[in-house]
Amino acid sequence: MTPIKTIRGLLLTAAVVFSTLLAVATQYVVSGLYERSIREEAMRHANTFAEVTFQSMFQLMRTGWTRTQLEEFIRAIERSVDKTPHQIAIYRAPRVAELFGEIKQREMDAAILEVIASGESLRLDRGPEVRFINALRAEAECRQCHTNAKPGEVLGVIDVRQDVRPLLEAGNRQFLFAFAPVVPIAIAATLLMVVYIRRRLNKAIAGFATNIRSINRLSDLKQLENASLDFGFSEFSPVATEVRQLTERVRSVAVDKEMLEFEIRLLEKFILTSDVVKDWREYVNRLLIDIDGVMPAYALFSIFKTGDDVFDLEVFWRCTPSSESRQLFEETVRESLRRNPYFAEGYAVTIEHNIADSTRNAPELVRCDIEVQTKSLLVEAPKIGGIVGIGMQAQAGTDATRWLVVESILSTLLNVVGSVKAIDKYTKDLEYYATRDPLTNLYNQRVFWELLDSEATRSGRHGYKFGLLMIDADNFKSVNDTYGHGFGDVFLQEVAVAIRRAIREDDLLARYGGDEFVAILPETDLAGTLEVAQRIIDTVTSLSIETPDGARVSGSLSVGMAVYPDHAIETKDLFLFADSMMYRAKADGKGRVAVPTEQDVVEVFRSLSEKSMLILAAVEARGVIPYYQPIIDPKTGKVEALEVLARIRLDDGSILVADAFVAIAEKMGLMHKLDYILMERALEAATAANYQGLLFLNMSPRALVLNDFVQETRRIASASGFDPSRIVFEITERETIKNMALLERFINTLRSEGFRLAIDDFGSGFSSFHYVKRFPIDFLKIEGDFIVGMKQNDKDRALVRSIVALARELGIRTVAEYVEDAEVLDKVIDQSIDLAQGYHIQRPTPSIEQAISIST
C-alpha cells in the first residue's frame, strides 16, 4: 500500500471517528452542563433551605423556647420534606449538649463531625446526591444562654440533602431525542472536507519529499538551512521551521565537540578529598586556570557567613589585577548584596584576594563585564554558606551550545566551591566545639577530665603539686527564675570572664555544667590555691550586671579546693573532694572558699566512699526501694495517683533519702540505672496490688541525653504489664536542658509510646509557660511555695488562681504540692485545684497498699 493510500484511509477513518466523537462529545458537554446547572440549583436550594431553617430557629430561640418546642420544631422541619427529593436533619453540637443535654438525633457521620470541628459550612456534590451542611456558629447574643460557648464556636448543624437523579435522567432523554438528526449531517460534511484535504496533501507531500531528498551529506545541512521551504501548504510551515532548527542543532553539536571533552576533563577534578579541603584556595586557583584555557575567565568570588551579619568575601583572580579593577569588583559585589533582601539590614564583609598566576597582568575590567557576565548562586538565610559566583568575559559570536556547556560547568563549580568552604568551616567548628562550651567558650567537661588526667600524670612524674578549684555560682537559680534564661546566660558569661581574669595565664578553666566551673592550677600548693580562690571570689563579688528591668545583680561564688597529691592521687577522688568542699562552702554561708583540713580529708573520703559504695551496692543488688505518696482528689479524698520516690535502705535498717545520694549518683553516671530499678520495682508492686491509678515518676535530667531511655522504659512497662498511659513522667524546668529541640523530640517520643507528662514546680521559672505552649502536657504540679503561701499571701492566691484558670483552659489537670495542714487543703479546694499531695494527706510509705487505702 502506497503512502498516499494510507493517508486517504487515515482521513476517511478520521472523518468517521471525528463525527462520532463530535456527537459523543457534544452529548457529554451538553449533558455535563445541564447536570452542573441542576446541581448548582439544587445546592442553592439547599443553602436557602438551611438558612431559612436557621433563621426560624434563631427567632424562636430569642423567645426562650423549651426543649419540647425544640424537638417539635425539628420534627416539623423533617416532616415538611416528606415525599420530596429533599431531606433535612438538625444536629446539636457537643458544646450545647454539655449545658442542655443530648437530644434524639441521627448519628453524626464524618462530614457532620468535620463541620463541628472546623466551624465552616460544607458543600458535598458527589454521586446522585447534593448535600449542604450548614454550621450554626455562636454569636455574641447566643452566649446569653450558651454560656460555655465562645463567639464563632459551632452550636449545631443543619444537614440538607437532595436527590438529583430524576432531574438528570429526564434531561438526558430530552437531549438524545433532540440531537439524533444532527449526526448524519455532521458525517456528510466531514467526508466532503476529506476529499478537499486529500487533493491539497498530494501536492504538499510531493514538494516536501523533493527537499528532503536533496540532503546527501553533512555540508548539505547549510544549504537546507538557507533554502526556501515553501511547500504551498500553510500547515507545513511549522515542519519547515523545525527542519531549520534541527540543522542548527546538529551543526552546533558537531562544532562543540571539544567543549564536551573539556567539560568531561574538568568534571573529573570535582572530587573532594582531604587535600582539597585543606588547600581549598589553591584548588580553586587551579580550576580557574583550567576554565580560562577554554573561555576567558577573569575572576571568581565566593561569600560565606562567618557570624551574625559578618561575611568573608574570597576573590580569585586569574592574573594580577590592577588596583582599579579590584576596587571596581568589590564595589559591584557590594551593590549586588545590597539589592538582596537578606543583606538589607546591614552587614560587615572581610575581603581577601587570591591570584592564580601572579606572573601575568589581568586586563582592565569595566562595570558591565562584572555585572552582566557574572553567574551567582544565593543560599537563602545561609548558616554557613552564602553567595558563590564566577565572573567571565564572553567571546564575541559564541553560540548557544557553547554557553550551555559553560553554564553547566559554572553551576557545578559553584556547588563545589561552596561545599569545599563549608566542609572547611564545619571541620574547624567541630574541632573547636568538641573541646569548648558554646556559651562561655571555656573548655567543656570532657576536655577538663583529659586535662586533669594529663596534669596529674605530669605532676606525678616531676613531683609537682597542683590545685583544683570547684566553683559554683551562688543563687543562680534565683537569677534564672527572676530574669529568665536569657539573662542567666549573660550572667554566666560575665562570671566566666571574671574568673578567667582572676586566674593566671597558664591556669586551665572549664565550665563543668550549669553554674559550675572548675579550674586546674599547675604547680600550685595549698597556699597558692587558696590565694587564687580568694582572688576569684573577690573579682566576681565586685561584678555589677544590669538586668533587663534596669536593676543591678552582683556575683557571688562558693569555692571548694583540693591539692594534688595532698588530698588525693586519683583524679576522680580529687574532683569529688573539691566538690564536697564546695558544698561545705555553700553550707557555711556561701560567698567563700572552703579550706580543707586533715580532718576534712578523712571525713570527706569516708562520706564519699560510703555513699559511693552504697550506690554501687544498690545498683548491684537492685536495692532501690520505692516509696509511695498518694495524690488525691481534695474534694472526695479518693486516691487518683501515687508519686514514686526513691529510697535506699542501709544495713542498719535506716533509710537514705534521695537528696543524700542523687548528686553523687549523677556524678558517678549511675542515676539512670537507679531510675530503671526504681521503675521496675514500682511497676511490679503496682501490678501485684492490682493498682489501677496513675504512677508519677521523677525523670532524671540525664535521661534526656540517653539514647536507650525510651526503649528501656518501654521494655520495663511491657514486662510488668502496666499500661504506659497510666505512667506520668515529671519534668522540672530548673533541671532540664536548654536545647528545646532535643527536649521536644524526647517528649514527643515519650508521648508516642503512650506515656503521659507532668511539669513539676510549675511557676518557678519563665520556661514553665513555654513548656505548656510547646509540649503536650497532661498535669501541672504547682510550685509548693505558692500552695503554702495561699494561707497568708494574696499574691500567692492570685498566682495559683491564674495557673488553675490557664490549665483548665488548656485541658490540663492541676496538682497541689506541700499540702501540710488542713488549712492549706481548704485553700486548695477553694481554688478548684484538681489533685493534692502532701504530709497532711500522707507521708511517703513503702507500702503501696497503705498508700492506696488512705482516707482524709
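Predicted model: local features only at pLDDT ≥ 70, side-chain atom pairs only at ≥ 80, totals over all residues.
Axes here are lines fitted to C-alpha atoms, for helices over the stretch in contact, and the angles between their N-to-C directions run from 0 to 180 degrees.

Helix 15 (residues 445-462) and helix 18 (residues 571-587) have axes that come within 10 Å and cross at roughly 115°. Angles of 65 to 115 degrees count as roughly perpendicular, and helix 15 and helix 18 are therefore roughly perpendicular to each other. The crossing in which helix 15 passes helix 18 is right-handed. On the helix 15 side, Phe448, Trp449, Leu452, Asp453 and Ala456 take part, and they meet Thr571, Lys572, Leu574 and Phe575 of helix 18. Sorted by class, this contact of helix 15 with helix 18 has six nonpolar residues, one polar and two charged.

| Helix pair | Axes come within | Crossing angle |
|---|---|---|
| Helix 15 (residues 445-462) and helix 18 (residues 571-587) | 10 Å | roughly 115° |
| Helix 16 (residues 476-502) and helix 17 (residues 526-541) | 9 Å | roughly 140° |

What is the orientation of helix 16 and helix 17 to each other? They are oblique, and helix 16 passes helix 17 in a right-handed crossing. Here Val495, Ala498, Ile499, Arg501 and Ala502 in helix 16 touch Arg535, Ile536, Thr539 and Val540 in helix 17. By class, the contact of helix 16 with helix 17 holds six nonpolar, one polar and two charged residues.

In soluble globular proteins, nonpolar side chains tend to be buried together. The largest nonpolar core in this model has 70 residues, and Phe729, Leu750, Leu780, Ile787 and Val828 are those with the most contacts inside it. Helix 21 (residues 671-688) supplies the largest share of this core, with nine residues. Apart from this core lies another, of 31 residues, which includes Leu442, Ala496, Ala502 and Ile537.

Leaving aside residues up to four places away in sequence, Ile787 touches Ile782, Val800, Ala816, Glu817, Tyr818, Val824, Val828 and Ile833.

Finally, the chain as a whole. Its secondary structure comes to 28 helices and 25 strands. Of its 856 residues, 44% count as buried. Among contacts with a separation of 6 or more, 67% join residues 24 or more positions apart.

Conventions. Residues numbered from 1 in each chain as written. Heavy atoms only, no water. Helix = DSSP H or I, 4+ residues; strand = E, 2+ residues; numbered from the N terminus. Parallel < 35°, antiparallel > 145°, perpendicular 65-115°, else oblique. Left-handed = near helix turned anticlockwise from the far one by under 90°. Contact = heavy atoms within 4.5 Å. Nonpolar A, V, L, I, M, F, W, Y, C, P; charged D, E, K, R; others polar. Core = buried A, V, L, I, M, F, W, Y, C linked by side-chain atoms within 4.5 Å. Buried < 20%, exposed > 50% of the residue type's maximum accessible area, 1.4 Å probe, protein only.
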